[in-house]
Amino acid sequence: MIGISAYGGYIPRMRMQRAEIAKANAWLNPSLRGQAKGERSLANWDEDCVTMAVEAARDCLAGLGGAEVDGLYFASTSMPFADRLNAGIVAGALSLSEQIAAFDLGSCQRVGLSALSAALTAVEAGRQKTALVASAERRTGPAGSVAEISRGDAAAALVVSRDRVIAEYLGSVVQTVDFVDHYRAAGADFDYDWEERWVREEGYLKIVPPVLKRLLVEQGVSAEEVSHFIFPSPGNTAAALAKTLKINPEAVTDNLQARCGDSGPVHPLLMLSHVLETAQPGQLILVAAFGQGCEAMLLRVTEEVANFRPQRGVSGYLEQGVEESQYMKLLVFNRLVPYDKGMRAEFDRKAIISLMHRKRDFLEGFVGGKCEACGTVQIPRTRSCVGCGAFDTQQPHAFADDLGTVMSCSSDFLAYTVDPPHTMGIVQFASGGRMIMDMTDVRSGEIEVGASVRLVFRIKDYDDQRNFRRYFWKAMPALTSSNS
Amino acid sequence: MANGIKDKVVILGMGCAKFGERWDMSGEDLMVEAYQEALQDAGIETKDIDAAWLASAFEQINVGKSALPMSTALRLQNIPITRVENFCASGTDAFRGAVYAVASGACDIALAVGVEKLKDSGYGGLPPNPQGALWFESGPNSSAPANFAQIAAGYRAKYGIDADTLKRALAHVSVKSHANGAKNPKAHLQKVVTEEQVLKAPMIANPLGLFDCCGVSDGAAVAIVTTPEIARRLGKTDLIAVKALQLAGSNGFEASSTGWDLSYFLTTRAAATRAYAEAGISKPRDELSMIEVHDCFSITELVTMEDLFISSDGGAVRDIMDGFYDADGKIPCQIDGGLKCFGHPIGASGIRMIYEMYLQLQGRAGDRQLANPTLGLTHNLGGSPYLNVAAISIIGPLGR
């Protein structure tokens, strides 16, 4: 049996209230009032598709670790680098083996599901045993646009293998047709969208049904047998398709529009991950994605589903959201408006790439050391032990999944940050050692001495002069989840 | 311990520029201002100086690297020159270089100069000061006040002091220094402030408000040192001698291990212990007449009162509120205004502290003169609470 053996997701903490977006843009685009319900997820200024993919993968790999992963499929249309393997950064942050195959996949709204399909193909062919699929998007649109109000930032991750399969892969079909509902030219900031009726009538309703029918026929499954129909699309499109295909209306899956927004290529995997949290053994899941044609896949839930929980899961992240009403944050965090950063922002941030490489276990993987002579745990790992002074006695010690306790902290109004005040402090780790660290995703009053924090891989800063961004680990409030 | 520095070296002359926003002066000009005063005080000429040390911390907007800016500005005569950079403790370290050179017999007369030109940056506060490549890639994005605010959190947690009580004690620290600075014509800030003003000031890095932070100033200070014999030969009497001179540097213990509780400065305690032994002081609370400490932030001063073993552990808040460190208290602290009001041109500060002790011991401190001081201690700290260099000097009349 081959299929999905682990799942996870990630939704950034901030939830921009759509009413605030509509209000700020009412003079410009009064029709946004029609979409002023609910909230959209908004990634912090220090998140991009790489950092979000890392979080979703950690959620998915909870308990498993990454040691068995031998393939990584990373799907996004908002990759920070056009030529530097973005999946390589994800792999480094997850401390995956350097022996793995890793791929960046992009350019299409169905690429998340295509990545899952590619991973299944590779595992089926025996090329890999444990393939990690991650998809993430930072979704922007011009100020005042429908894209801006309806989309959301998110990530999802799945593990494909032959072991402990939760959702058995039954088959998939794909149709590729150069249907342009929208496009984004290479290097362009935004999508160019054609009218919604064109997309719905000629796209969704004409291209998708034959593909889904073909899959069901090939698998010898009747539409009524489908328990979960996952098809990310606006409004009642999925329901209309279900009706056409005679799929039960109850099978149509929540597209998370009210609490997250459309995360594009991530969305089929995000919804799938969400569905797997509550799916019952034997249920059939039909998941499809639209984009220059359509890809559809049929999965059957197994008994193993009861034995897996992601660390927080999509529902855990949905619950951890905090309302955000400052529309300017959406513009600033998405780097859409010039604003007054102050002179302290002018400090040159040219990355030391050679050092990044030689210290990559620490800078990307947050690996420290443990002294074999005296047992002292420390980060960063150095040639001389902070406990006993012995040289070359430290073995690698992973810190990324440690919880930490805040020893001291301060809210800094002086240091430059995109989201002042900047919180930093000394964190003591559960397995020993401490570090003075930046903190992120902090709401007022959450970080005090004694507070519990967890570690997250984030953008350290941007070097706009050289189109580079540096990543490092930060602490954020641990936030207990209903899943944990 | 080796037999130490006590009474081996005396101060021949000192000078200090007016600290502040010296828009009309470059770093080189400020060195000259302090140097002229020191030369006149010492009664010597440039040709008499055998070796010189320069303390200066920042590079971006200052006099530049190496000791050459000093030898050029002062037209030193092709003598050995050394630049010292140990963050904010640079000044005391330069003084140490000059004192040790004289004590070793390698030099008859040595010069220590501290200078910093900070007001050419275009903004308030210090410029960024990365600590090497690995730090640049992994260190937090923090300002100096946020670094020192960590101590406030650790101190409160250890002694169970509520935020308001600590904030009020910190306010008293600053109110006291402003009162002292108001009497000092060379101080950057010469205004009295009230506790209410301090408490209501804008927050810089929680819990440190504007008045909890020292002035960012331009300035320079100079010391000329020699042996007691040479000083007497030059006609000097009532000599002021170095009693102790100690530095202590972190080794990563505070920052990386779990043994430090963030309520004190490990290095200050190490340096103070050695300095008291070197000076022959057993009861600092009874024996010291006055102190100038590194009050970069009010919390640093508060904690330092304990690290110098003057206040008991956890007892600094009470001593401060009791006025123990006020100008009319048992041990006046920052009688010249301190970093808080005299100002903090980084490289100059350590020597500026010694300058005030020297004036006080000679009875030349004007309106702020204390009655019959005998032993003065200076404490100069560079870095952050978790990674720093602490420098302590004790000076007093030769032979006492």
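1. Conventions. Residues are numbered from 1 along each chain as its sequence is written, and chains are lettered from A, with ligands numbered from 1, in the order in which they are written. Since the model is predicted, local features need pLDDT of at least 70 and side-chain atom pairs count only at pLDDT 80 or more, while totals for chains, interfaces and linings use all residues.

2. Chain B as a whole. Chain B holds 15 helices and 11 strands, where helices (H or I, at least four residues) and strands (E, at least two) are DSSP runs numbered from the N terminus. Its C-alpha trace spans about 55 × 45 × 40 Å along the principal axes.

3. Burial and contacts in chain B. Of the 400 residues of chain B, 61% count as buried; a residue is buried if 20 or more other C-beta atoms lie within 10 Å of its own, exposed if 12 or fewer, and partly exposed in between, with C-beta atoms placed from the backbone. Among the contacts in chain B with a separation of 6 or more, 78% join residues 24 or more positions apart, a contact being two residues whose C-beta atoms, placed from the backbone, lie within 7 Å.

4. The domains of chain B. Domain 1 of chain B covers 10-120 + 218-233 and domain 2 covers 143-212 + 239-397, with bounds that come from an automatic or database domain assignment. Their C-alpha centres lie 23 Å apart, and 35 residues of domain 1 are in contact with 33 residues of domain 2. On the domain 1 side, the elements that give two or more residues are strand E1 (10-16), helix H3 (90-104), strand E4 (109-116), strand E7 (219-226) and helix H8 (228-233) of chain B, and H3(B) gives the most, with seven residues. That side divides into 22 nonpolar, eight polar and five charged residues, where Ala, Val, Leu, Ile, Met, Phe, Trp, Tyr, Cys and Pro count as nonpolar, Asp, Glu, Lys and Arg as charged, and the others, Gly among them, as polar.

5. A residue of strand E7. Ile224(B) lies in strand E7 of chain B and is buried, with 26 other C-beta atoms within 10 Å. Not counting residues up to four places away in sequence, Ile224(B) touches Leu12(B), Gly13(B), Ala38(B), Ala42(B), Ile44(B), Ile109(B) and Leu111(B).

6. The nonpolar core. The largest nonpolar core has 281 residues, and those with the most contacts inside it include Ala53(A), Val90(A), Ala98(B) and Val113(B); such a core is a set of buried Ala, Val, Leu, Ile, Met, Phe, Trp, Tyr and Cys residues joined through C-beta atoms within 7 Å. Helix H15 (residues 346-361) of chain B gives the most to this core, with 10 residues. Beyond its neighbours within four places in sequence, Val113(B) has contacts that include Met31(B), Tyr35(B), Met70(B) and Val222(B).

7. Where the chains meet. In all, 32 residues of chain B are in contact with 37 residues of chain A. Helix H4 (133-138), helix H5 (144-159), strand E5 (203-205) and helix H9 (253-256) of chain B are the elements that give two or more residues to the chain B side, to which H5(B) gives the most, with seven residues. By class, the chain B side has 18 nonpolar, 13 polar and one charged residues.

8. Chain A. Domain 1 (3-333) and domain 2 (343-365 + 400-477) make up the division of chain A, and their C-alpha centres lie 28 Å apart. The contact takes 17 residues from domain 1 of chain A and 14 residues from domain 2 of chain A. Seven of the eight residues of helix H3 (residues 86-93) of chain A are buried, so this helix is largely enclosed by the rest of the structure.
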